[in-house]
Amino acid sequence: MSDKIQTLISQMTLAEKAALCTGDSMWTTTAVERLNIPRLLVSDGPHGLRRVANVHAVMEKSQPATCFPTASSLAATWDVELLHEMGQALAAEAIALDVDVILGPGVNMKRSPLCGRNFEYFSEDPYLAGEMAAALINGIQSKGVGTSLKHYAANNQEFERFSISAEVDERTLREIYLPAFETAVIKSQPWTVMCSYNKINGAYGSEHRQLLTDILRDEWGFEGFVVSDWGAVHDRVAALKAGLDLEMPGPKKARVQAVIDAVNSGELDEAVLDTAVARILRIVFKAAETPKEPLAAGQGSRFDVAAHHALARKVAAAGMVLLKNNGILPLQHPQHIAVIGRAAQTPHFQGGGSSHINPTTVDVPFAELQKLAGDAELSFAPGYPADDSIQQTLIDEAVAIAQTADVALLYMALPGFKESEGYDRPDLDLTVQQVALIKAVTAVQPRTVVILNNGAAVTMSDWIEGTAAVLEAWMMGQAGGGAIADVLYGRVNPGGKLAETYPLRLRDTPAYLNFPGENGVVRYGEGLFIGYRYYDAREQPVLFPFGYGLSYTTFAYSNPRASATTFKDTDGVTVSVDVTNTGAIAGSEIVQVYVHDRQARLVRPAKELKGFTKVMLQPGETKTVAIPLNFRAFAYYDPAYKQWIAEEGVFDILIGASAADIRASLTVTLQSTAELPSILHRDSTIRAWMDDPRGQAVLGPFLQQMMGQGGLFGGGDMGETEFIGMNPMDFLRDMPLLSVLHFQSDGLPQTPEELVDGLLQQVH
Ligand code: BGC
C-alpha cells in the first residue's frame, strides 16, 4: 500500500470507508470531498461505450459511441494486434466520454450455444478467449483507462442467472472455466474484475472466497479491485470477507450501515474493510492520472468518429467467416442482384441488454452494397417480418425478385427475441419464416448467398444444401454493413475462423442433457468436454468445426519442426511451420497448434488448442510461423495433487487449419522436472500403489514377502494363472491394499491398518 493511500485510510472515518465500498449511483463510486478522493466512473462495455449522461439512470439512451463488433466476431478474427488496436480506440472514447473503467470484456465459456449472451463472449476454448481478452485489455489500459473482466465465474447461461448454482468439478473449473480469466489477469492485469451473479458450487460469486481471494489474488496475483455485477451482492459483510471490494450499483444506505455495524460489533475485522478501501483507492487515483473530457451535452463526439468507424469496419470484416462457397464469391459483377431480407435495410449489428450501444452512425448493408455494385441493378424484398409471424406474401415477393436476378443475397438476422442478454435461446434455428424463405429462394435461384447476423452458432442442415455460399457476419458492429460488401466483392479476402463449433443439431451439443438445470442447480455433467473437446471425444460429426473458415485463396503447410524433440517442462518447446499462399490473391491464414497427450494419469481431451498465429501472405509467398509452447500447454490440473502437472512422456503436436483439418504433426517428449508428493493413503488401491514410483518400490518387496509366507487369500500361489478363473493381479488391482489384507488378517503379524500405515510411512 502506498504511503498516500495509507495516510488517507487513517484519515477516513468508518462511515466514509464503508460508503466507499458501495457505489454512489448506477455508475459511480463514492467521492470523499473532504479528503479530495474523487469518484470513479464506470460504463458498459464491452464492445463500445454505453455512457449515460445521468449517472443515476439505468435505461437512459446513452451518448453516441462507436459500436464495434461483439466478442463472437472479435474472437473469429484470431487477431491479437487488431484487438489491441480496437482497445486503444475504446479507451480514446472512454476518455472523451469521461469514463474511467469500461465494464468488459466478458470471458465466460460458450458451454452451450443456447446461452443468450454468447454474443458477448469469445469462445468455447479457454486459451483463445484468454488471449483475445488480454489483447483487448492491454489495448484499453495502455491509454490509462481501466477494464472490468467479467463475469467471474461460471456464468454460462441466462436462465436463473441471478441465483442458479453452477455445479462444476474442480478440474473442469481449473481447465475450462477459469483459464481465460487467469490468462487475462496474468497477461494484462485488468483494473477490476466483476464477479458473476450465479452461485458456483453453492456459494454466490460475490461471496466466493476461494475464487475471489485464494485463486484470483493469491494464485494469480490480481492487484485491482473486485466489483459486484449489478445487484449480485446478497450479504454485504460476507462478500467483503470473501474479497468483494465494491458493491454496485448504489447508493445503498442499509449496506453501508451493515458494514459499520459489523465492524462495531466485532463481526468484521476493520482491517478487512481497510484492505478493500485500499484496493479501490489505488484504482480511483490511477484513473485520475488520465485526464478525461468533461461530458457536455450537444457538443458532439470528441473522438475521431470517422477513424473509429473505419476501424470498426476493418474489425468486422476480419471477423467474418466464410462458411461455404461454391465459387460464387467474390462476386464477379452480376448485373442484377436480388437483395432479400430485412437485415439488408435494418442492420442487426449488436445484441440486447447492458452492452447495447447508441452508435455514432450505422452502415446500411443495402446502401454499402450499392456503392460497390457499380451499375448493377439492385432490387429489394424484406423476406421476413420483424416479429415471429409467418407471412407467405413476403416469401412470394422475395421469390419473384430472386427468380429473375443473376444472384440473390439473403441477409438473415437472428431476431432479438431469439437471442439477447437476459434469456437463453429456445433452439439453434433461424425463425420458421427465415428457413422457409431460404428454401423458397434457393429452389428458384441456385446462385444464392446467405449472410448471417447472429451472436452464436445456428443450425443450417435444413437449408444449407441449396445455397451457393454462406457468410457468417455476426453481430458485426455499426460498420458491418460496409464490411459485408467488402467481403462479398473481394475487397477484403475473408480470413476469420470460427471460435465455436457449429453443431448439426441441438441434441448433439455437449451440455444438451444438463442445460439449463433445474431446482436452482445446473450440473456441468460434461466436465472438461465442451466444444470441440466433446465432438472429438464422441467422434461426433459437426456442421462446421472449431477453427474453421474459408478464404478466396488457399494455403499449404510444410516443413513442420520443433525446436527440440526432447525438452524439459520448464523450458517448453517452439514449433514452426512454413505456410505458403498457393492461390492467386493475398490472404491471411490462422495457424492453430493443438496438443495431444498420448498417455496420462487422468482422462484428457483428444487435443487442446495451445497456440495460434495469424499470418498475411501475398500470392506465392511463404512465411515461417513459430509458436512457443510452455509448461501449461502440456499440463492438466490434478485435483488430487492440487496443482498443474505436465507428465513426463510423449505428446503429439498437431498443426491445423481448423480442429478438424490437421495439416502436420510432430512428436515430442517432455521431461518432467517436477517432484510430486505421493498421494497414497490408507484406502489407495493396489493400482495406485503400483502407479506411484515410491509406492511401487515399497509395495513390491512387501508383496513378495507376503507371498513367501504362504501367499494372499489363504495360500494360493499369486503367480498361478489359474486363480478362480482369472489373473490374480488383475483381479486385485482395483482393491484397496487394506481390503486385500483384511481377507487374511488373522495370519498377519500386525493389523492390516498397522501394516498399511507402516508402508505409507516408508513412502512419505
Ligand atoms: C450485466 C453486466 C453489466 C452490468 C452493468 C449486468 O446486468 O450482467 O455485464 O456490466 O449489468 O450494466
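How many nonpolar, polar and charged residues does the lining of the largest cavity have? The views below take up that question and a few others in this predicted model.

**View 1. The largest cavity and its lining.** Welcome to the first stop: a cavity holding about 90 Å³ of space. To answer the opening question, its lining has 4 nonpolar, 4 polar and 4 charged residues. Look for Lys 110, Arg 111, Ser 112, Pro 113 and Glu 124, then find Glu 500, Thr 501, Pro 503, Thr 509, Pro 510, Gly 531 and Tyr 535, which also line this cavity. Domain 2 (38-247) and domain 3 (308-538) each supply at least three residues of the lining.

**View 2. The second largest cavity.** Among the residues lining the second largest cavity are Pro 46, His 47, Thr 70, Ala 71, Leu 74 and Met 86. Pro 105, Gly 106, Glu 120, Phe 122 and Leu 136 line it too. By class, this lining divides into 7 nonpolar, 3 polar and 1 charged.

**View 3. The residues around the ligand.**

View 4. Moving in on the ligand, start with Asp 229, where a polar side-chain atom lies 2.7 Å from a ligand oxygen atom. Arg 161 has a polar side-chain atom 3.4 Å from an oxygen atom of the ligand, and for Glu 421 the distance from a polar side-chain atom to a ligand oxygen atom is 3.5 Å. On its own, the ligand has 310 Å² of accessible area, and the protein covers 93% of it.

**View 5. The domains of the chain, and where domain 3 meets domain 4.** To get your bearings, follow the domain assignment along the protein chain: domain 1 (1-37 + 250-289), domain 2 (38-247), domain 3 (308-538), domain 4 (555-671) and domain 5 (686-763). Now turn to domain 3 and domain 4, whose C-alpha centres lie 32 Å apart. How many residues of each are in contact? On the domain 3 side there are 10 residues, in contact with 18 residues of domain 4.

Note on methods: Residues numbered from 1 in each chain as written. Predicted model: local features only at pLDDT ≥ 70, side-chain atom pairs only at ≥ 80, totals over all residues. Heavy atoms only, no water. 1 Å grid on protein atoms, 1.4 Å probe; cavity = no way out; pocket = protein on both sides within 12 Å on 5 of 7 lines; lining within 4 Å. Points joined across faces, edges and corners; volume = space filled by probe spheres on them. Nonpolar A, V, L, I, M, F, W, Y, C, P; charged D, E, K, R; others polar. Domains from an automatic or database assignment. Polar contact = N/O pair within 3.5 Å; in protein donor to acceptor, adjacent residues only side chain to side chain. Areas by Shrake-Rupley, 256 points an atom, 1.4 Å probe, with all protein chains shown as cover. Contact = heavy atoms within 4.5 Å.
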